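Try each task before reading its solution.

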Amino acid sequence: MAKINGAIIWEGSSSYDGQQIVVIMTGLAQASSNRKTGDMIQTYILRQDMNPVEAVKNGQDVSICGDCKHRPSLAKDNGEARCYVNVGQGASMVWKTYKAGKYPKVTLSEARELVRGRNVRFGTYGDPCVAPIEIFKALAETCKGRTGYTHRWRDLNFDMEWANLVMASVDNLFEQFTAVALGMRYFRVEIGTNKPLDGEVRCPASKEAGMKTTCTNCRLCSGNTIKAKSIVISDHGLGHQSRAKKLQTI
């Protein structure tokens with residue numbers, strides 16, 4: 001294929017609410033500038049019909065994020081940290097490019113070749129588990145490495161085959177215990193910086209760990225396909241200082 005920087009790899013219905021969504025890969029020709037992740041191909045899961053900024057404002061981001069407690073419309077009421085993704089930047093730019101018709105649509109076979117030998121971030125924005133698992137299984141077969149996370153692991157009808165591709169996103173010790181009981185490796189966000197639990201290692205690419213490496217070189221967050229400890233990282237979302245301070249006063 002001619003050198004392209006982005007491509008549509010799937011369009012269809014969200015498995016969460018049936019709304020029309022799209023999965024887009026970017027960074028195929030131009031390396032990502034994200035200092036933590038390093039050079040990884042990005043995948044965005046977006047509503048087809050509305051800018052991510054609008055979707056967040058009216059709660060329609062449920063189509064691509066499910067019942068994640070960090071969705072801004074939910075976090076406002078439940079006291080959880082708001083999602084760290086600034087949808088007005090990358091996600092919005094990708095959606096505008098998509099609506100302008102500037103991304104070619106590729107077959108799954110072509111997508112497999114586009115990621116061959118590269119590292120891929122499953123769900124740069126959006127939960128990969130709202131799209132068919134076959135898409136990400138295909139990418140995983142040819143990519144060099146990957147990272148991925150889901151909050152949908154708590155769903156009653158969750159397909160445990162996803163555990164081989166992504167980490168369970170957990171936010172407290174009850175969720176950590178449950179994920180382990182289900183047989184999933186997890187990525188836990190904690191308030192403050194405490195000693196990792198048994199079976200955990202601090203994210204090597206995190207600030208609190210000294211940013212020893214990048215996600216593209218580490219690749220520990222790739223689900224059960226590797227035998228490794230689960231990951232813990234300190235809360236770095238908007239307002240994390242006030243949440244840490246509040247915890248200290250309890």
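**Exercise 1.** Does Glu175 count as buried or exposed? Work it out from relative accessibility, then find its surroundings.

*Solution.* Keep in mind that this is a predicted model.
- Step one: the cut-off for buried is under 20% relative accessible area.
- Step two: Glu175 has 7% relative accessibility, so it counts as buried.
- Step three: look up its element, and you find Glu175 in helix α7, residues 173–182.
- Step four: set aside the neighbours within four places in sequence; Glu175 is then in contact with Lys69, Trp153, Arg154, Ser169 and Val170.

**Exercise 2.** In what order do the strands of the open sheet lie, and which of them stand at the edges?

*Solution.* 
- Step one: trace the nine strands, which follow the order β1-β2-β3-β4-β5-β6-β7-β9-β8 with mixed pairing.
- Step two: β1 (6–13) and β8 (200–202) each have a single partner strand, so one side of each lacks a neighbour in the sheet, and these two are the edges.
- Step three: compare directions; ignoring which way they run, neighbouring strands are turned by 25° against each other on average.

**Exercise 3.** How are the rings of Phe136 and Trp162 arranged?

*Solution.* 
- Step one: count the aromatic pairs in the structure; there are three.
- Step two: for Phe136 and Trp162, the ring centres are 5.9 Å apart and the planes stand at 50°, so this pair is tilted.
- Phe136 belongs to helix α6 (residues 133–142) and Trp162 to the loop between β5 (145–150) and β6 (167–170), so the pair ties together parts 26 residues apart in sequence.
- Step five: widen the view, and ring pairs link Phe122, Phe136 and Trp162 into a cluster.

**Exercise 4.** What radius of gyration does the protein chain have, and what would a compact globule have?

*Solution.* 
- Step one: for 250 residues, a compact globule would have a value near 18 Å.
- Step two: the protein chain has 17 Å, which agrees.
- Step three: turn to burial, where 52% of the 250 residues count as buried.

Methods. Residues are numbered from 1 along each chain as its sequence is written. This is a predicted model: local features need pLDDT of at least 70, side-chain atom pairs count only at pLDDT 80 or more; totals for chains, interfaces and linings use all residues. Side-chain values use heavy atoms; hydrogens and water are left out. Two strands pair if DSSP finds at least two bridges between them. Helices (H or I, at least four residues) and strands (E, at least two) are DSSP runs, numbered from the N terminus. Axes are lines fitted to C-alpha atoms, for helices over the stretch in contact, and angles run from 0 to 180 degrees between N-to-C directions. The radius of gyration is taken over C-alpha atoms; the globule rule is 2.2 Å times the number of residues to the power 0.38. Buried means under 20% relative accessible area, exposed over 50%, partly exposed in between (1.4 Å probe, protein chains only). Contact means heavy atoms within 4.5 Å. Rings of Phe, Tyr and Trp (its six-membered ring) pair if their centres lie within 6.5 Å; planes under 30 degrees apart count as stacked, over 60 as edge-to-face and the rest as tilted.
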